[in-house]
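Please open the model in your viewer and keep the selection tool at hand.

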Amino acid sequence: MKRSNLEINEILNSLDGVGRAEARPYMHTRVMARIREENNFWTKAVGFIARPAVAIGCVLVVLMANTYTVMNSNYTEPEVSNITATVVADGLQNENYILAVNDVNP
């Protein structure tokens, strides 16, 4: 789509009177004050912890502590009681008896 010379001149003339953009007064001072505010202890601490080497080191220490705890634990599985198995077997026999009695046709 070709534009006519008139359209091109209108577009170029629309830029007449456009000036350079300027910042508000004391903008630089405000920005620098904000930067100085953010240099407190917590900002520095979070910045240090967020470093990849420190974060990976912390994760490795936690994994090693977990591995050590699991390897050196004295956990033994509880033994299954024979009494429990006998009670369950008796309960099943009672249910079968009740079902057998109910199935009898007079």
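Predicted model: local features only at pLDDT ≥ 70, side-chain atom pairs only at ≥ 80, totals over all residues.

Helices (H or I, at least four residues) and strands (E, at least two) are DSSP runs, numbered from the N terminus.

Residues are numbered from 1 along each chain as its sequence is written, and side-chain values use heavy atoms, with hydrogens and water left out.

Now colour the chain by pLDDT, the predictor's confidence in each residue, from 0 to 100. The protein chain averages 77, and 74% of the residues score at least 70.

Next, show the surface. Of the 106 residues in the protein chain, 1% are buried, where buried means under 20% relative accessible area, exposed over 50%, and partly exposed in between (1.4 Å probe, protein chains only). The chain exposes about 10800 Å², and carbon and sulfur atoms supply 62% of that area, as computed by the Shrake-Rupley method with a 1.4 Å probe.

Select Tyr26, which lies in the loop between α1 (5–13) and α2 (27–37). Tyr26 has a positive phi of about 65 degrees although it is not a glycine, and at 65% relative accessibility it counts as exposed.

Move on to Met27, which is found in helix α2 and is partly exposed, with a relative accessible area of 35%.

Finally, select Phe41 and Trp42, which form the one aromatic pair that the structure holds. Their ring centres are 5.0 Å apart and their planes stand at 75 degrees, so the pair is edge-to-face. Rings of Phe, Tyr and Trp (its six-membered ring) pair if their centres lie within 6.5 Å, and planes under 30 degrees apart count as stacked, over 60 as edge-to-face and the rest as tilted. Phe41 is exposed at a relative accessible area of 58%, and Trp42 is exposed at 61%.
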